[in-house]
Amino acid sequence: MQSADAIGSPAKAHALTWEQRTGGRAEIVQSDFGRLFRDYMAALQAKQPAYDVLLFPASWAADFYPYLAEMPDEYRDSDAFDDIHPAYRERLMTWDGKWIAATVDGDLFSGYYRKDLFSDPNNQAAFRTRYGYELFPPDTWSQYRDIAEFFNGRNSPDGGLIYGTAEAFARDGKQFWTVFSRASAYTNHPDFPGAQFFDPDTMRAQIDNPGWLRAVREHKEILAFSPPGALQFGIVEARDAFLDGHTAMALDWGDTAQLTEDPARSKVAGKVGYFVLPGTTRVWDSRLWRWDDRDSVYKAPFLAFGGWMAGVPKHSRHQQAAWDYIMWLSSPENSLRDVVTSGTGINPYRFTHFTNIDAWTKALSISAASEYLGMVRASLDSPHAAMDLRIPGFYRYTEVLEEELTRILRGDSEVDAAMHRAAAAWNSITDELGHAQQLAAYRTEMALPKEPGGPRPGTHAHKVRYVIGFSQATTTEPWRLLFNKELRAEAARHPEVKLVVRDAMDSVRRQVVDMEDLIARRVDAILVSPKVTDELTAPVSKAFSLGIPVFVLDRDVANDRYTQYIGGDNREIGRAAGQRAVQLLGGEGLAEGNVIEIWGGMASSPAADRHSGFVEVVQREPGVKIINAPQDGDWKQDLAYGIMAEALDAHPHIDLVYAHNDPMAYGAYLAARDVGREEDIAFLGIDGIPAEGVKWVQEGILDATFLYKTPGEEGIRQALRFLRGEHVQKRLMLPTSTIDKTNAAKILSRYAAE
Ligand code: FRU
């Protein structure tokens, strides 16, 4: 591992506790960052590697992966594994469909700003007068530039002058990451992913396209709004300038958040806010070779560096101990302690790092912690979060780039000419390392299909393990319990499936949150049975737009932005109930009678369809009247009891009750029985599960019920078919049947035998 405190110190500390815990022995070997790559390469290629665990930057994965062992299944089948944010887990821990390393640190670039300066009314007024818009943390790179210009050279509240912003400009000072972070918004066109560094179809370098040229020009322009001597700033000096209170903003990694609040290091404690890397309203489309003007600000938060990873050489003779140490080092508990401790170099990468906000109060105030974590989460959750370059030859590419950037910043060369030279140098490096090999590596790292148009590596069709999220509306009714039981049983038949079940407990708001959670986890597929149509349409559409296959079960959404809908044909069921009612009330053309209809959840599609199917049939009979106003029974027996009790009060003459499900039909029956009128009324329900509807038919309580099969089993089956690359139909209707005295006993005995 590297000898610096960052990463080095927590790795050492956890090695000690690992030894105490396991009785094993861990020998720590440290070397300077500059020597690390060569050292590791030698170890990886050796028959008896010098190290059993390597801690390395994410960008070396392509060079290392042929020599790394695959992570054992048991570690991938754990909650600790699912706890890792998918931006890291799915994008960085795999290479070419193999799990080759574990993220032990999260990294991304973001912005820092001085809240005290931004909230000063004098500054706000002066800014508005000069730029014609309000002073806020920047949303676009142009605003970032304006704000830097505005503050540059103003008087600082603590005396002296304040400068615009702090960025790294010096060679070997990690400067190119600032440029990458800018180019990210300009060159990651959402319709043509993976085009930031190279054209992913041809491997032609992109660093001299107009998007990049703009990024480089703006980076250079910022120099004028930076402290004196900024040309020599590496990231360390830039960070210090901000911590010393010399600049209004800074671009940096996450470690700085804790440092700003550490009084020993910082003069700006309590005054710092954070912003997601700014965006743009114009994105360069390198496929159509033109600027694309957008209606809203587009951001592509850049995962600069991508964090540290831990891997195990294939030839290590201590595979199990090695992985055990890695899991210990990065366990939710140990890593939580590290991320909240200043100086460990470890930044948040697990869901539990974000949710355990109290742990952060060691380093940050609660409001700073929630603001900081909110910013990191927003960056990681962005569907456009962009990956750093991670192909063989990373160092050679960045070296020549830095050479040219230095010429540009010193004024020794024009931007365009220098970047054309850098691009030409990139193309030669690619050719030297092997065009085909580099192209393949680049497509792999950008999670693109091997061939343009083919299946994506590491995703659906290639995976052997699927995490399927299921958002259930409620489990208060037996039909829902059966639904869950059937769904779980089917999932259990497929060992490659891991289920994550969320129960919204009848709350729409909660179900929306559940969906957001499943989306954030980037599960492989989502099954959802929405409580209501309207409010759940947006999260379903969102998941679908993000490329997560969504299977809508039983209750429908309002548009067709989902993979498949599975449910019974509720309109057909409504019609069948209508025919049954007509029959019971005297037959076609002769039927006569007063009907009470008890609705299920009115904001759900099954209720609407069960109503319209029923009405379609009974309205042909002039003698049949639905005598009550539509009332929402929300599928609940007790609510239906209340509705029916009122109806019995109001109407001396009721012939038939049509309830949208069996529990409500039963509730209505109980209300009638309580006033001694159950014999005068026929009851129809829907669902037909053995424990309820079928039994009640058998007992003569209901005249009939209509089978509404749960989509639990079929949901899992269809999702798996889809994940394996098979076609699924857009709408799958489950069959229904009428259950009455003629077949109830048979169904019950068949069920008992199962
Ligand atoms: C309609 C429905 C009913 C069932 C109820 C349970 O969406 O499936 O058939 O009784 O929901 O919540």
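**H85**

I started with the side chains of H85 and D381, which are joined by a polar contact of 2.6 Å. I am working from a predicted model. H85 sits in the loop between α5 (79-82) and α6 (86-89). Is H85 buried or exposed? I count H85 as buried, because its relative accessibility is 2% and the cut-off for buried is under 20%. I then listed what H85 touches, leaving out residues up to four places away in sequence. The list holds Y349, R350, F351, R377, L380, D381 and A520.

**Ligand**

Next I looked up the ligand. Which residues surround it? I noted E477, W479, R480, D554, R555, P606, R610, W635, N661, D687 and Y708. Two helices, α21 (478-492) and α25 (605-618), each supply at least two residues of this shell.

I checked the polar side chains against ligand oxygens. R480 has a polar side-chain atom 2.7 Å from a ligand oxygen. For D554 I read 2.9 Å from a polar side-chain atom to an oxygen of the ligand. For R555 an N or O atom of the side chain lies 2.5 Å from a ligand oxygen. How much of the ligand does the protein bury? Taken alone, the ligand exposes 310 Å², and the protein buries 100% of that. The space the ligand takes is the largest cavity.

**Helix α12**

I moved on to α12, residues 235-243. Its buried residues are I235, A238, R239, A241, F242 and L243. I kept one rule in mind: an α-helix has 3.6 residues a turn, so residues three or four places apart point the same way. What do the buried residues of α12 pack against? I found the strands β5 (110-114), β7 (161-166), β8 (247-252) and β9 (272-275), plus the helix α13 (255-260). Just after α12, G245 takes a positive phi of about 80 degrees.

**L732**

Last, I looked at L732, which lies in strand β25 (residues 731-734). I count L732 as buried, because its relative accessible area is 13%, against a cut-off of under 20%. Leaving out residues up to four places away in sequence, L732 touches Q564, Y565, I566, G567, E714 and Q718. How far is L732 from L380? Their C-alpha atoms are separated by 35 Å, and the two residues are 352 residues apart along the chain.

Technical notes. Residues numbered from 1 in each chain as written. Predicted model: local features only at pLDDT ≥ 70, side-chain atom pairs only at ≥ 80, totals over all residues. Heavy atoms only, no water. Helix = DSSP H or I, 4+ residues; strand = E, 2+ residues; numbered from the N terminus. Buried < 20%, exposed > 50% of the residue type's maximum accessible area, 1.4 Å probe, protein only. Contact = heavy atoms within 4.5 Å. Near = heavy atom within 4 Å. Polar contact = N/O pair within 3.5 Å; in protein donor to acceptor, adjacent residues only side chain to side chain. Areas by Shrake-Rupley, 256 points an atom, 1.4 Å probe, with all protein chains shown as cover. 1 Å grid on protein atoms, 1.4 Å probe; cavity = no way out; pocket = protein on both sides within 12 Å on 5 of 7 lines; lining within 4 Å. Sits in = over half its atoms within 2 Å of the grid points.
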